[in-house]
Amino acid sequence: MAEIGVKRVSDLPDQHAFNLLSAKYGGAFFLPGLIAGAGADVEQLALVEGDAICGGFLVQRIKLKGIPTISNPTYHPHCSLFFVPRPNDSESLKRYLDAICLWLKKQPVKIITVSFPPEITDVQPFIWGGFKSAVKYTYRFPFDGQDVLSKISSKRRNLIRGAEKEGVVVEHCGLTDLLEGVHFSGQSKGFTVNDAAIEKILTNGTAYKASVNGKTIASALFVDDEKSRYYLFGGADRNANSGALSAIIYRSMSDVEMKGMKIFDFEGSMIPGVELFFRSFGGNLTPFLTIAKAPWWLSPLLRWKGKSEF
């Protein structure tokens with residue numbers, strides 16, 4: 001049995017083979033627009049056994065307060081770890097995770113914080129390797145034949161219906177309207193919106209706007225793979241209709257249900273106010289695991305900064 005290793009995709013003799021596998025098994029966050037939007041320092045990594053590619057994942061090298069760090073790529077909820085199906089998957093999984101753990105420990109960085117897709121429920125190799133683990137959550141809405149609106153909380157339904165009564169129109173949009181809506185949130189919450197990154201992501205995404213009398217008051221961006229739609233981010237004018245963003249999300253959910261998709265994923269948040277917003281759409285609370293490692297002297301500072309995984 002050959003050893004499992006981790007290689008940069010750029011170092012593989014057949015990068016096209018990896019691209020085909022990541023497109024089939026890796027999901028939406030391997031789409032070129034999502035990777036380009038995250039930044040030039042994203043690394044695509046392959047799990048290899050001999051000459052065979054057996055999986056892959058994504059990380060990004062950043063500076064966290066000037067400290068070299070490996071993390072999930074920007075706009076990615078996790079590292080998008082995937083495996084090529086094979087016999088004895090449970091035994092193979094441990095070997096894959098061992099290989100990732102060993103590779104991470106060899107990297108010349110001080111901080112590592114990487115999340116895994118909800119389907120990955122075993123992080124024992126990382127715990128054994130000196131990493132800490134933490135549980136985070138997303139909400140996933142399953143399309144099971146029931147009426148979407150009936151699962152949404154009564155308060156959220158009233159906001160959606162109120163928006164419709166007040167003339168809010170929801171429709172697909174392009175970059176200009178998307179940025180206008182997203183900038184509302186940036187202005188109100190004090191962060192800078194990376195227009196160039198959003199433009200790249202939109203090449204593989206779907207955008208909606210909500211408008212009244214032709215004026216954009218909210219917008220949101222989503223990405224799809226074969227089974228799921230993911231809500232990446234959105235923004236709304238706080239001085240306009242309070243149900244506009246909710247109406248966009250409901251329209252987006254309804255559209256992909258008609259396409260036969262199985263899941264609408266809100267990408268999760270540990271911020272109480274955002275969690276409450278996502279919860280009101282009636283999805284299932286879904287845990288996913290994060291592993292983290294930092295020097296003993298740095299961990300207390302990271303926890304003080306809200307990085308509870310340390």
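**View A. Serine 80 sits in the loop between S4 and S5.** Everything here comes from a predicted model, where local features need pLDDT of at least 70 and side-chain atom pairs count only at pLDDT 80 or more, while totals for chains, interfaces and linings use all residues. Residues are numbered from 1 along each chain as its sequence is written, and side-chain values use heavy atoms, with hydrogens and water left out. The names with H and S are DSSP runs numbered from the N terminus: helices (H or I, at least four residues) and strands (E, at least two). Serine 80 has a phi near 60°, which is positive even though the residue isn't glycine. Most residues other than glycine have a negative phi. With a relative accessible area of 2%, serine 80 is buried (under 20%; exposed is over 50%, and partly exposed lies in between, using a 1.4 Å probe and protein chains only).

View B. Histidine 76 lies in the loop between strand S4 (67-71) and strand S5 (82-83). At 7% relative accessible area, histidine 76 is buried. Skip its neighbours within four places in sequence, and histidine 76 is in contact (heavy atoms within 4.5 Å) with Phe29, Leu34, Ile35, Ala38 and Leu58.

**View C. Here is the largest nonpolar core, made of 31 residues.** A core like this is a set of buried Ala, Val, Leu, Ile, Met, Phe, Trp, Tyr and Cys residues joined through side-chain atoms within 4.5 Å. Look for Tyr231, Ile248, Ile249, Met253, Phe264 and Phe266, the members with the most contacts inside the largest core. Several elements give two or more residues to this core, including strand S7 (132-142), helix H6 (154-165), strand S10 (215-224), strand S11 (228-236) and helix H9 (244-258). H9 gives the most, with seven residues. Follow Tyr231 on its own: not counting residues up to four places away in sequence, this tyrosine touches Ala220, Leu221, Phe222, Leu245, Ile249, Phe264, Asp265, Phe266, Glu267 and Phe278. Apart from this core lies another one, of 28 residues, with Val6, Leu93, Cys101 and Val109 among them.

View D. Cysteine 54 is buried, at 5% relative accessible area. Now find cysteine 101: the closest cysteine sulfur, again in cysteine 79, is 13 Å from its own, so the pair is too far apart for a bond. Cysteine 101 is buried as well, with 5% relative accessibility.

**View E. One cavity of 30 Å³ or more turns up in a search of the whole structure.** A cavity is a set of points, on a 1 Å grid over the protein atoms alone, where a 1.4 Å probe fits but can't get out; a pocket is an open set with protein on both sides within 12 Å along at least five of seven lines, and lining residues have an atom within 4 Å of a point. The largest cavity holds about 60 Å³ of space. Its lining is Pro77, His78, Pro118, Thr138, Arg140, Tyr230, Asp265, Glu267 and Phe288.

**View F. The second largest pocket has a volume of about 940 Å³.** (Grid points are joined across faces, edges and corners, and a volume is the space filled by probe spheres set on the points.) This pocket is lined by 37 residues, and the closest to its centre are Tyr25, Gly26, Gly27, Phe82 and Asp225. Two or more lining residues come from each of helix H1 (15-25), helix H2 (32-38), S5, helix H3 (89-106) and S11. H1 has the largest share, five residues.

View G. Glutamate 199 is in helix H8 (residues 195-202) and is partly exposed, at 46% relative accessibility. Aspartate 144 is in the loop between S7 and H5, partly exposed at 43% relative accessibility. Aspartate 144 and isoleucine 263 are 119 residues apart in sequence, yet 9.2 Å apart in space, C-alpha to C-alpha.

Methods: Disulfide = S-S within 2.5 Å.
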